[in-house]
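This briefing sets out selected features of one protein chain, grouped by topic. Please consult it alongside the sequence and coordinates shown here.

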Amino acid sequence: MNIAELMRASALSGMEAVDARVLMRATLGVDDAYLIAHADDELSAQHAAQFRALAARRAAGEPVAYLVGEREFYDHVFKVTPAVLIPRPETELLVELALQHQPKNLLDLGTGSGCIAISIALALPAARVTALDRSDAALAVARENAAVLKARNVTLLCGEWFEAVRGQRFDTIVANPPYVADGDAHLTQGDLRFEPASALAAGVDGLADIRCIVAGARAHLTPGGWLLFEHGHDQAPRCRELLSCAGFNDVQSWHDLAGIERVSGGCAPSL
Ligand SMILES: C[S@@+](CC[C@H](N)C(=O)[O-])C[C@H]1O[C@@H](n2cnc3c(N)ncnc32)[C@H](O)[C@@H]1O
């Protein structure tokens, strides 16, 4: 079989055409332009077997990003493994909002693959970026991403929320914390089944980690500094309430490209 025929056969057996293309690219170690130019090339038996093995795992539900070991985010390619959440396009909103504040000293809580911290660090090479996670396995992935992408202004720390930055203050704190309710049916569906539960689930209402972050942030922000965090599609009103109760000013939420209130935040009052 040639490249085009094998990809078409996978699409006919139910795989999304885009997934077939990504898996073929990974099998051959080539880009889209190569696949187009070489669509009629015969595949070696070894490459055909490799592609079919990946296609079978995809059919069993494994996320494409884990199968190929990478995902694009904010125009950079990040290594991903099952130890980290797969970076989502909607999280780019958080990066854009943080960049609008031109941070000089930013903290990223729950960095996972490092996609938020590293994207900000690369956009603002003069900024100091600290990123933390409680998962050593996730931090190993973030460390590799920072090295490969040459983000030299990122410091990675291990610890529970603010534990590793006790006594430190930042002008901006960003977070994409776990925010799915423990019993949410989505946790047993689609890609989420394969992602670390500790990156997704946050108590009975999904707000346990957001509560910790909002409660701890003011002690780690300089006066006038901003806390910005991602949350679930229906959590914005509760998040604004938490921010207001914690004494933040200028509390607001921002919509993602799908029109969903996806990020909320507030400004720490002056002393
Ligand atoms: C939703 S993932 C976000 C990963 C990455 N920032 C992104 O946007 O793709 C949440 C991350 O928070 C980390 N995490 C969960 N609870 C934590 C805690 N108590 N302290 C520090 N990190 C935590 C998880 O290990 C996971 O990497």
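Predicted model: local features only at pLDDT ≥ 70, side-chain atom pairs only at ≥ 80, totals over all residues.

Trp 161 is buried because its relative accessible area, 16%, falls under the 20% cut-off. This residue sits in the loop between β5 (154-158) and β6, and its phi is near 25°, a positive value in a residue other than glycine.

**Domains**

- The domain assignment divides the chain into domain 1 (3-60) and domain 2 (84-267).
- Taken over C-alpha atoms, the centres of domain 1 and domain 2 are separated by 35 Å.

**A further positive phi**

- Tyr 74 is not a glycine, yet it has a positive phi of about 50°.
- The location of Tyr 74 is the loop between β1 (70-73) and β2.
- Tyr 74 has a relative accessibility of 22% and therefore counts as partly exposed, whereas Trp 161 is buried.

- Helix α7 (residues 115-123) is largely enclosed by the rest of the structure, because seven of its nine residues are buried.
- The buried residues of α7 are Cys 115, Ile 116, Ala 117, Ile 118, Ser 119, Ile 120 and Ala 121.
- Helix α8 (residues 136-148) contains Glu 144, which counts as partly exposed at 38% relative accessibility.
- Between Glu 144 and Lys 79 there are 7.8 Å in space, C-alpha to C-alpha, although the two are 65 residues apart in sequence.

**Salt bridges**

- Side chains of opposite charge can pair when their charged atoms come close.
- The structure has 11 salt bridges, among them the pairs described in the following points.
- Arg 88 and Glu 195 form a salt bridge through their side chains, at 2.7 Å from N to O.
- This pair links distant parts of the chain, 107 residues apart: Arg 88 belongs to the loop between β2 (76-79) and α6 (92-100), and Glu 195 to the loop between β6 (170-175) and α9 (208-217).
- Both Arg 88 and Glu 195 are buried.
- Asp 256 and Arg 262 are also joined by a salt bridge, with 3.2 Å between the closest N and O atoms.
- Arg 262 counts as buried because its relative accessibility is 9%, and Asp 256 is likewise buried, with a relative accessible area of 11%.
- Elsewhere, salt bridges with shared partners connect Arg 21, Arg 25 and Asp 32 into one network.
- Arg 25 is partly exposed, with a relative accessible area of 26%, and Asp 32 is partly exposed at 28% relative accessibility.

**Surface charge**

- A patch of negative charge on the surface is formed by Glu 5, Asp 40, Asp 41 and Glu 42.
- Glu 42, one of the residues in this patch, is placed in the loop between α3 (32-37) and α4 (45-59).
- Why does Glu 42 count as exposed? Its relative accessibility is 56%, and the cut-off for exposed is over 50%, so Glu 42 falls in that class.

Terms used. Residues numbered from 1 in each chain as written. Heavy atoms only, no water. Patch = residues over 30% accessible without salt bridge, like charges linked within 9 Å, V, L, I, M, F, W, Y side chains within 5 Å. Areas by Shrake-Rupley, 256 points an atom, 1.4 Å probe, with all protein chains shown as cover. Salt bridge = Lys/Arg side-chain N within 4 Å of Asp/Glu carboxyl O. Lys, Arg positive; Asp, Glu negative; His and termini not counted. Charge placed at Lys NZ, Arg CZ, Asp CG, Glu CD. Helix = DSSP H or I, 4+ residues; strand = E, 2+ residues; numbered from the N terminus. Buried < 20%, exposed > 50% of the residue type's maximum accessible area, 1.4 Å probe, protein only. Domains from an automatic or database assignment.
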